[in-house]
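Please open the structure in your viewer and keep the selection tool at hand. The tour below goes from stop to stop, saying at each one what to select and what is there.

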Amino acid sequence: IELLCTRLRKATEAIAQTQALDLKERLSSFLLSQSFQDRSGAWVYRRTRDSDIARSIGAKRESVSRKLKEMHAEGWIERTTNTIVLKDREQLQQFASGMDILP
């Protein structure tokens, strides 16, 4: 029972942290944690539908689409049909600093 309580407490804290963060922070963290370095050295996220990203970070698809467009306009990412290239990884890391980032 103690182990179950500990897991439930950690899950509740993670949910609370996620909901407290700005959408741009959550999206930055998601892209950083799900990206990989390709042969050319670029950091790439194999693009799925915006609705899948939204579901993963607890947001609406429309909001995610708007933020991705905003991040593209700021030069942080490059969007293609199949991928999102992280052009300014440092800026994304600054925004995601409120969350634990996976390597």
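Contact, a word used throughout this tour, means heavy atoms within 4.5 Å. The model is a predicted one, in which local features need pLDDT of at least 70 and side-chain atom pairs count only at pLDDT 80 or more, while totals for chains, interfaces and linings use all residues. Residues are numbered from 1 along each chain as its sequence is written, and side-chain values use heavy atoms, with hydrogens and water left out.

**First stop: Asp50**

Select Asp50, which lies in helix H3 (residues 50-57); helices (H or I, at least four residues) and strands (E, at least two) are DSSP runs, numbered from the N terminus. Asp50 is buried, with a relative accessible area of 11%, where buried means under 20%, exposed over 50% and partly exposed in between (1.4 Å probe, protein chains only). If neighbours within four places in sequence are left aside, Asp50 is in contact with Arg61, Val64, Ser65, Leu68 and Arg79.

Next select the four strands of the open sheet, whose order is S1-S2-S4-S3, with antiparallel pairing; two strands pair if DSSP finds at least two bridges between them. The edge strands, S1 (36-37) and S3 (77-79), each pair on one side only. Strand S2 (residues 43-46) and strand S4 (residues 83-86) run antiparallel and are joined by four bridges. Which residue of S4 is the bridge partner of Val44? Select Val85, and you have that partner.

The side chain of Ser35 reaches the backbone oxygen of Leu32 at 3.2 Å. Apart from neighbours within four places in sequence, the residues in contact with Ser35 are Trp43, Val44, Tyr45 and Leu86.

Technical notes: Polar contact = N/O pair within 3.5 Å; in protein donor to acceptor, adjacent residues only side chain to side chain.
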